[in-house]
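Q: Can you walk me through this one? I'm new to it.

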Amino acid sequence: MSELVLINVSGRDKPGLTSEITGIMARYDVRILDIGQAVIHDHLTWGILAEIPDEANAPPVIRDLLFRLHSLDLQVRFAPITEADYQQWAEGRNRACYIVTLLARDIKAQQIAKVSAVTAQHGLNIDNITRLSARPSLNTADNRIACVEFSVRGTPQDLETLRTDFLRIAGEMNVDIAFQEDTIFRRSRRLVVFDMDSTLIEAEVIDELAREAGVGEQVAEITERAMQGELDFSASFTERLSLLKGLDEGVLQSIADRLTMTEGAEDLIRSLKALGYRTAILSGGFNYFARHLQQRLGIDYVYANELEIKDGKVTGDVSGRIVDGQRKAELLVEIAEREGVSREQVIAVGDGANDLPMLSQAGLGVAFRAKPLVKESARHSISTLGLDAILYLIGFRESDTGQFFKAE
């Protein structure tokens, strides 16, 4: 008869410990059923579930381990496991696995307490907790970004209620919480498509043009209502565009030169390109400014509206079909097919109601600093951090991409 033993080791980490421990077990032909370790501030917590093939060998194995681990100044605990308990536990491992990502400027105990409480309330058990971001400095309060990832397992009865609960506590604590199924696609995204205005850049370009034309307040009001989903995008776009008629072409370059990139946009694009991702701008704005960003950031695809200009003046019209919400969704599918990737491998990022169709088409749709309607409708949102936080949603550690995160 074999014997199942759970072995937990803790103490100061040193090189070669795993080799030492498993080397002793190897002498008794021990089978490893599960193994894991974590190191926090040079303190090791190491666990192994072992099957000792002959129960008569259990005392010698335990004796040899105790002797060696004591000599290494490590604490060890042994716990017998019944076959029934093991089978029940192993079957539970086949349940669905999800990833909960907590994003903030700084991680506090209250945030982890709230997140873990919600997972427990919905029947999910935490398997693993990992910090993806770099450890914060104690000498500065300027913590740019912090991220903790929870791997959870279980079968929640109501996924929508679970997401609503996470959205509620995210708003209460001024953090971002993403909840996604842990599938093969999560780490195999290949294409990222972005809205432009108020996503890659901080401004709404049509509002900037309107200010130059002396109709700023009028156009800004229409823009806000369209982004909130109160007005049809195409109709409101046509109305706003007509107010720009007669604007001098020369102002376009000055506006392009003063556009401010959104926090984290350049770091994100740099990282994505270095990691082999393809990128696209799908914008209800204008090609003139989208191409300006394409050159600056190295974006692969650009689709936006072509502002019509005659005799050096804006005509108040665009050439071709308006890039509205439906067109963005179509373009996402077209680019994915051209690149030979599935929609599950696409990330879409936007802030307005006209971005919802493309967010719904993507495997990972992210509402970025979005209007309330968009946050509630999208499956994922980022409101408190910059665009580079998206890297954590696809499971990258800062150590994985540290050479890309920071601008040179």
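**A first tour**

A: Start with helix 5 (residues 159–173), which lies across strand 5, strand 6 and strand 8 and runs at about 160° to strand 8. Helices (H or I, at least four residues) and strands (E, at least two) are DSSP runs, numbered from the N terminus. Axes are lines fitted to C-alpha atoms, for helices over the stretch in contact, and angles run from 0 to 180 degrees between N-to-C directions.

Q: Before we go on, what kind of model is this?
A: This is a predicted model: local features need pLDDT of at least 70, side-chain atom pairs count only at pLDDT 80 or more, and totals for chains, interfaces and linings use all residues. Residues are numbered from 1 along each chain as its sequence is written, and side-chain values use heavy atoms, with hydrogens and water left out.

Q: OK. In what order do the four strands of the open sheet come?
A: The order is 6-7-5-8, with antiparallel pairing. Two strands pair if DSSP finds at least two bridges between them.

Q: Which are the edge strands?
A: Strand 6 (124–131) and strand 8 (176–181), each pairing on one side only. From one strand to the next, the twist averages 20°.

Q: How many bridges link strand 5 and strand 7?
A: Eight, between strand 5 (residues 97–104) and strand 7 (residues 146–154), in the antiparallel sense. Opposite Ile99 stands Ser151 in strand 7.

Q: New topic. Is strand 3 largely enclosed or open?
A: Strand 3 (residues 43–52) is largely enclosed by the rest of the structure, because eight of its ten residues are buried. Buried means under 20% relative accessible area, exposed over 50%, partly exposed in between (1.4 Å probe, protein chains only).

Q: Which strands does strand 3 pair with?
A: Strand 1 (residues 3–12) pairs with strand 3 over ten bridges, antiparallel. There, Glu3 stands opposite Ile52. Strand 2 (residues 31–40) also runs antiparallel to strand 3, with nine bridges. Arg31 has Glu51 of strand 3 as its bridge partner.

Q: What is there between strand 2 and strand 3?
A: Their hairpin has two residues between the strands, and His41 takes a positive phi near 50°.

Q: Now helices. How do helix 7 and helix 8 pack?
A: Helix 7 (residues 216–227) and helix 8 (residues 233–242) have axes 10 Å apart, at an angle of about 170°. That makes helix 7 roughly antiparallel to helix 8. Angles under 35 degrees count as roughly parallel, over 145 as roughly antiparallel, 65 to 115 as roughly perpendicular and the rest as oblique.

Q: Which residues meet there?
A: On the helix 7 side, Val219, Ile222, Thr223, Ala226 and Met227; on the helix 8 side, Phe233, Ser236, Glu239 and Arg240. Contact means heavy atoms within 4.5 Å.

Q: And Leu200, where is that?
A: Leu200 sits in the loop between strand 9 (191–194) and helix 6 (205–213). Its relative accessible area is 0%, so Leu200 is buried.

Q: What does Leu200 touch?
A: Beyond neighbours within four places in sequence, Leu200 is in contact with residues including Phe194, Met261, Ala265 and Leu387. Ala265 is also one of the buried residues of helix 10 (residues 265–274).
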